[in-house]
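Please keep the sequence and the model in view while reading.

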Amino acid sequence: QVQLVESGGGLVQAGGSLRLSCAASGRIFSGSRMGWFRQAPGKEREFVAGIRWNDGSTYYGDSVQGRFTISRDNAKNTVYLQMNSLKPEDTAVYSCALRRVTSTSYDVWGQGTQVTVSS
């Protein structure tokens, strides 16, 4: 069973940057997808960004397009989320997730890491 562990969250001022990491234990098969989601207090979970493990193609939620970049390091089984031009409304718990080859949804989740953006 793959396990996901996020790191890199913290407190940053508006306009600043943070990079989140998600390390996966176990093998990630080439047909899988990895994604980042976030959830702010009182709000529904929101899709942030995703990446296909085989070819590295990426896709983003509208609210982060152009500011955030998802990438992967296959050798390290790690996915990154580079967050630039952060805004207070980006404050949330960020979680990475795995959509396995045999799944139609993201079904393996990390514990999450808090990102707080001060104004």
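## Arginine 45 and the rings

The charged end of arginine 45 sits over the ring of tryptophan 109, 4.0 Å from its centre, where a charge counts as sitting over a ring if NZ of Lys or CZ of Arg is within 6 Å of the ring centre and within 35 degrees of the ring normal. Arginine 45 also lies over the face of phenylalanine 37, at 5.9 Å from that ring centre.

The model is predicted, and local features need a pLDDT of at least 70, side-chain atom pairs count only at pLDDT 80 or more, and totals for chains, interfaces and linings use all residues. Residues are numbered from 1 along each chain as its sequence is written, and side-chain values use heavy atoms, with hydrogens and water left out.

## Aromatic pairs

The structure holds 4 aromatic pairs, a pair being rings of Phe, Tyr and Trp (its six-membered ring) whose centres lie within 6.5 Å, with planes under 30 degrees apart counted as stacked, over 60 as edge-to-face and the rest as tilted. Phenylalanine 37 and phenylalanine 47 form an edge-to-face pair, at 5.5 Å centre to centre and 75 degrees between the planes. This pair links distant parts of the chain, since phenylalanine 37 belongs to strand S4 (residues 33-39) and phenylalanine 47 to strand S5 (residues 46-52), 10 residues apart; strands (E, at least two residues) are DSSP runs, numbered from the N terminus.

Phenylalanine 37 is buried at a relative accessible area of 10%, whereas phenylalanine 47, at 26%, counts as partly exposed; buried means under 20% relative accessible area, exposed over 50%, and partly exposed in between (1.4 Å probe, protein chains only). The rings of phenylalanine 37 and tryptophan 109 have centres 4.9 Å apart and planes at 55 degrees, so this pair is tilted. It connects strand S4 with tryptophan 109 in strand S10 (residues 108-109), 72 residues apart, and tryptophan 109 is partly exposed, with a relative accessible area of 30%. Ring pairs link Phe37, Phe47, Tyr59, Tyr106 and Trp109 into a cluster.

## Arginine 67 and phenylalanine 68

Arginine 67 is placed in the loop between strand S6 (58-60) and strand S7 (68-73), and phenylalanine 68 lies in strand S7. Arginine 67 is buried, with a relative accessible area of 11%, and phenylalanine 68 is buried too, at 2%.

Contact means heavy atoms within 4.5 Å. Not counting residues up to four places away in sequence, arginine 67 touches Gln82, Met83, Asn84, Ser85, Leu86, Lys87 and Asp90. Under that exclusion of residues up to four places away, the contacts of phenylalanine 68 include Arg38, Val48, Tyr60, Leu81 and Tyr94.

## The disulfide

Cysteine 22 and cysteine 96 form a disulfide, with their sulfur atoms 2.0 Å apart, the criterion being a pair of cysteine sulfur atoms within 2.5 Å. The count by this rule comes to 1 disulfide. The torsion about the S-S bond of cysteine 22 and cysteine 96 is about 55 degrees, so the disulfide is right-handed. It links distant parts of the chain, with cysteine 22 in strand S3 (residues 18-25) and cysteine 96 in strand S9 (residues 92-99), 74 residues apart. Both cysteine 22 and cysteine 96 are buried.

Definitions and conventions
Helix = DSSP H or I, 4+ residues; strand = E, 2+ residues; numbered from the N terminus.
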